[in-house]
Amino acid sequence: MLKLIVDENIAFAEKAFNQFGNVILLSGREITNSTLKDADILIVRSITNVSKELLKNTGVKFVGTATIGTDHIDLEHLKVNNIYFADAKGCNAYSVAEYIVAALLNLAERFDFSLQDKSIGIVGVGNVGSKVTRFAEALGMKVLLNDPPLKRNGENKNFVELDEILKCDIITLHTPLNLNGVDKTYHLFDKSNLNKLKDGAILINSSRGAVVKNLDLINAIDKKNLKVVLDVWENEPDFNEDLLNEVLIATPHIAGYSYEGKVKGTKMVYESLCKYLNEEITFDFKLDTPPNSILHFEDETNIESALNRLISKIYSIKNDDDKMKKSYIMNMQERIEYFDLQRKNYPIRREFDNYSIDSEKLSKRTKDILEKLRFKLFI
């Protein structure tokens with residue numbers, strides 16, 4: 001019988017994977033070389049660093065990550081040692097894009113500005129960034145795109161240079177973490193680039209913590225009066241407590257934590273494992289309709305304020321921020337444990353396309369926005 005070591009935070013982990021053998025669920029940080037000694041299959045999320053050292057002298061022949069990023073995986077080592085690899089690219093792209101919408105609407109209401117009057121620069125236009133683009137355009141924003149790899153590959157999206165992005169009112173980051181090379185993103189937003197931002201600009205990072213140099217960001221927030229939203233942090237879960245006190249919205253790497261995103265991640269790795277083992281796909285990942293899935297909505301002059309209230313019924317980014325900021329008064333060890341605990345016990349969050357809008361009358365523009373945000377219209 002095969003032995004599978006699986007991160008306990010992976011949705012349906014035991015139910016889906018017990019078809020293949022004995023499933024051992026562990027915290028991602030508890031997965032070590034010793035726990036893998038007699039394992040055949042390893043399935044992780046982003047907090048487990050799958051390195052040469054982790055896999056040394058083990059029998060692991062399949063590694064899956066139920067995430068879109070792979071910077072925690074030594075892909076070259078897997079290739080050299082003929083270890084099959086599966087990821088879940090795109091699984092939680094809508095979840096992250098909806099997180100960005102929630103953050104933008106929250107800030108627009110808090111600081112009394114209209115998104116229609118703002119430019120947004122999107123750095124990284126892959127699975128996530130392309131969806132953020134569609135949502136931002138639906139909200140009437142001026143959208144600028146930067147993605148050097150896609151530009152080199154001939155994608156026709158009117159890409160601009162990073163210096164143009166830095167002039168935008170809002171910048172949101174959706175790149176992988178590349179430590180070196182022509183497309184290096186490690187500390188892409190360092191002192192030099194942060195100082196080029198507009199005074200009062202909004203910076204959102206939901207990609208990888210080290211895309212922004214956190215120590216430089218603390219100084220830039222004060223110097224440039226930046227409004228910052230951070231879902232990812234350098235050295236998480238041991239993040240910088242001073243930075244936590246400076247950002248407007250802080251969350252513990254949960255932008256992609258919608259229920260659908262988690263389940264899609266499991267499904268993609270499950271299907272890859274079925275292919276690898278030549279097993280039949282038997283597990284049904286179908287999800288039930290959430291309770292209270294019909295939401296009443298009335299058109300208003302300030303459509304963004306109305307949208308903020310609507311989306312807050314589905315996902316309150318303020319609640320996540322409030323919980324995260326409780327850790328400011330904790331000591332270092334308590335903060336580290338609390339960061340992981342928030343992720344482990346994260347409440348079920350459903351994506352927008354699960355909800356129908358009940359309204360007596362909606363303007364054409366409002367209908368268009370709601371449909372492009374993937375709400376169903378029930379009018």
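## Aromatic pairs

A search of the whole structure, which is a predicted model, finds 18 aromatic pairs. One of them joins Y84 and Y276. The ring centres of Y84 and Y276 are 5.0 Å apart, and the ring planes meet at 45 degrees, so this pair counts as tilted.

Where do Y84 and Y276 lie? Y84 belongs to strand β5, residues 84-86, while Y276 belongs to helix α11, residues 259-277. The pair therefore ties together parts that are 192 residues apart in sequence.

## The five-stranded sheet

Strand β5 is part of an open sheet of five strands. The order is β2-β1-β3-β4-β5, and the pairing is parallel. At the edges stand β2 (21-26) and β5, each of which pairs on one side only. On average, neighbouring strands of this sheet are turned by 15 degrees against each other, direction ignored.

Strand β1 covers residues 2-7. Six bridges link β1 to β2 in the parallel sense. Which residue of β2 is the bridge partner of D7? That partner is L26.

## The six-stranded sheet

A second open sheet has six strands. Their order is β7-β6-β8-β9-β10-β11, again with parallel pairing. The edges are taken by β7 (142-146) and β11 (249-250). Each has a single partner strand, so one side of each is left without a neighbour in the sheet.

Inside the order, β9 (residues 202-205) pairs with β10 (residues 227-230). The sense is parallel, and the pairing runs over four bridges. N205 stands opposite L230 in β10.

## Helices α4 and α12

Helix α4 spans residues 93-110, and helix α12 spans residues 303-314. Their axes come within 9 Å and cross at roughly 130 degrees. That makes α4 oblique to α12, because an angle counts as roughly antiparallel only when it is over 145 degrees. The crossing is left-handed.

Which residues make the contact? From α4 come V101, A102, L105, N106, A108 and E109. From α12 come E304, S305, L307, N308 and I311. By class, the contact has six nonpolar, three polar and two charged residues.

## Helices α13 and α14

Another pair is formed by α13 (residues 317-325) and α14 (residues 332-344). The two axes come within 10 Å and cross at roughly 155 degrees. The helices are therefore roughly antiparallel to each other. Is the crossing of α13 and α14 right-handed or left-handed? It is right-handed.

On the α13 side, the residues in contact are D320, K323 and M324. They meet Y338, F339 and Q342 in α14. This contact has three nonpolar, one polar and two charged residues.

## Two backbone details in loops

The peptide bond from E236 to P237 is cis, with omega near 10 degrees. P237 lies in a loop that runs between β10 and α10 (241-246).

N82 has a positive phi of about 55 degrees, although it is not a glycine. Its loop lies between α3 (75-80) and β5.

Definitions and conventions
Residues are numbered from 1 along each chain as its sequence is written. This is a predicted model: local features need pLDDT of at least 70, side-chain atom pairs count only at pLDDT 80 or more; totals for chains, interfaces and linings use all residues. Side-chain values use heavy atoms; hydrogens and water are left out. Axes are lines fitted to C-alpha atoms, for helices over the stretch in contact, and angles run from 0 to 180 degrees between N-to-C directions. Angles under 35 degrees count as roughly parallel, over 145 as roughly antiparallel, 65 to 115 as roughly perpendicular and the rest as oblique. A crossing is left-handed if the near helix is turned anticlockwise from the far one by less than a right angle, and right-handed if clockwise. Contact means heavy atoms within 4.5 Å. Ala, Val, Leu, Ile, Met, Phe, Trp, Tyr, Cys and Pro count as nonpolar, Asp, Glu, Lys and Arg as charged, and the others, Gly among them, as polar. Two strands pair if DSSP finds at least two bridges between them. Rings of Phe, Tyr and Trp (its six-membered ring) pair if their centres lie within 6.5 Å; planes under 30 degrees apart count as stacked, over 60 as edge-to-face and the rest as tilted.
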